[in-house]
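Me: I have a model open and want to learn how to read it. Please take me through it feature by feature.

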Amino acid sequence: MRKKSIVGLVMTIALMAVVGCSGGTAQNHTPEGVDLKPVIYLYPQEDGSEISVSLDYNGDITDLIPEFNAENTWNVTADRDGKITFEGNEYDYLFWEGVPRFEYDFYTGYCVKGEETEGFLREKLAEQGLNESEIDEFLKFWLADMEGNPYNVISFQGKTYNKGARLTVTPEPDNLIRVFMAWYPSDHHIRIMPQILDTPSRDGFTVVEWGGNKVK
């Protein structure tokens with residue numbers, strides 16, 4: 001389908017090569033410390049809507065699909081069904097990855113048994129506003145590296161992520177839903193204060209983003 005940039009591909013391979021074991025888990029194919037697959041969906045109210053999406057990232061961007069066509073910005077058109085047109089090519093979403101210069105917090109979150117992770121994520125992702133298709137894509141990317149672990153410690157990032165990866169959309173959307181999961185595997189249960197999540201509306205022009213980071 002879409003080709004990753006050479007820089008992003010080389011960076012990802014290098015990161016994967018140096019990944020070590022964490023917490024005695026069974027699988028470790030996800031590189032650590034990388035903001036992986038933040039993907040941005042656009043759902044305007046009218047077909048052919050002209051939309052500008054700018055990313056101000058405190059870190060090093062390693063991959064973009066498609067590449068920006070302005071400074072830190074995608075200028076695109078989008079339809080109500082989410083189809084994005086960028087310089088004559090069609091995309092389901094805008095894609096980026098990077099290495100942050102900031103750290104994620106685990107003041108609140110969840111400790112979930114590996115075999116219970118799928119059900120947990122389906123519930124919490126829906127609670128945060130993702131639809132069924134977006135949830136399936138999220139699980140397709142992350143679940144294989146999580147369900148075999150004894151436990152997964154998960155914290156959905158709000159202020160920390162929004163400050164470190166500022167997203168500006170023009171025209172301003174009625175709803176901006178950003179779901180970013182920081183997590184790490186553990187071989188034992190971790191006590192953590194439960195997280196309170198908000199359920200947003202998806203009425204009007206809605207922008208949805210999801211991604212994650214398997215922290216070191």
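Me: What should I know before I start?

Reply: This is a predicted model; local features need pLDDT of at least 70, side-chain atom pairs count only at pLDDT 80 or more, and totals for chains, interfaces and linings use all residues. Residues are numbered from 1 along each chain as its sequence is written, and side-chain values use heavy atoms, with hydrogens and water left out.

Me: What does the protein chain average in pLDDT?

Reply: pLDDT is the predictor's confidence in each residue, from 0 to 100. The protein chain averages 90, and 87% of the residues score at least 70.

Me: Where does pLDDT stay under 50?

Reply: Where pLDDT is low, the predicted coordinates should not be read in detail. Here that applies to residues 1-28, where pLDDT stays under 50. The model has 50 contacts for this stretch beyond four places in sequence. Contact means heavy atoms within 4.5 Å.

Me: How many helices and strands does the protein chain have?

Reply: Both are DSSP runs, numbered from the N terminus: helices are H or I with at least four residues, strands are E with at least two. The protein chain has four helices and 13 strands. Take its contacts between residues at least 6 apart in sequence: 82% join residues at least 24 apart.

Me: How do I read burial?

Reply: Buried means under 20% relative accessible area, exposed over 50%, and partly exposed in between (1.4 Å probe, protein chains only). Of the 216 residues in the protein chain, 52% are buried. Strand S3 (residues 59-65) is one case: five of its seven residues are buried, so S3 is largely enclosed by the rest of the structure.

Me: Which residues of helix H2 are buried?

Reply: H2 covers residues 117-127, and its buried residues are Thr 117, Phe 120, Leu 121, Lys 124 and Leu 125. Seen down the axis of H2, they fall within an arc of 115°, so they line one face of the helix. That arc is taken from the directions from the helix axis to the C-beta atoms. The cover over these residues includes strand S8 (108-113), helix H3 (132-142), strand S9 (151-157) and strand S11 (175-186). After H2 comes Gly 129, with a positive phi near 105°.

Me: How do I read strand pairing?

Reply: Strands of a sheet pair through backbone hydrogen bonds, either parallel or antiparallel. Two strands count as paired if DSSP finds at least two bridges between them. S8 shows both senses. With S9, S8 pairs in the antiparallel sense over four bridges, and Tyr 110 has Ile 154 in S9 as its bridge partner. With S12, S8 pairs in the parallel sense over two bridges; there Thr 108 stands opposite Met 193. S3 also has a partner: six bridges join S3 to strand S7 (residues 94-100), and the two run antiparallel. Asp 60 is paired with Val 99 in S7.

Me: In what order do the strands of the five-stranded open sheet come?

Reply: The order is S6-S5-S4-S2-S10, with antiparallel pairing. Strand S6 (89-91) and strand S10 (165-170) stand at the edges, each with a single partner strand, so one side of each is left without a neighbour in the sheet. The twist averages 35° from one strand to the next. Such angles run from 0 to 180 degrees between N-to-C directions, with axes as lines fitted to C-alpha atoms. Within the sheet, six bridges join strand S2 (residues 49-57) to strand S4 (residues 73-78). Ser 49 stands opposite Ala 78 in S4.

Me: Which side chain does the side chain of Ser 52 contact?

Reply: A polar contact is a pair of N or O atoms within 3.5 Å; within protein, one must be able to donate a hydrogen and the other to accept it, and residues adjacent in sequence count only if both atoms are side-chain atoms. Ser 52, in strand S2, makes one with the side chain of Asn 75 at 3.2 Å. Ser 52 counts as buried at 18% relative accessibility. Beyond four places in sequence, the residues Ser 52 touches include Trp 74 and Val 169.

Me: Is Lys 214 buried or exposed?

Reply: Lys 214 is buried, with a relative accessible area of 0%. Lys 214 is found in strand S13. Its side chain joins that of Asp 145 in a polar contact of 3.1 Å.
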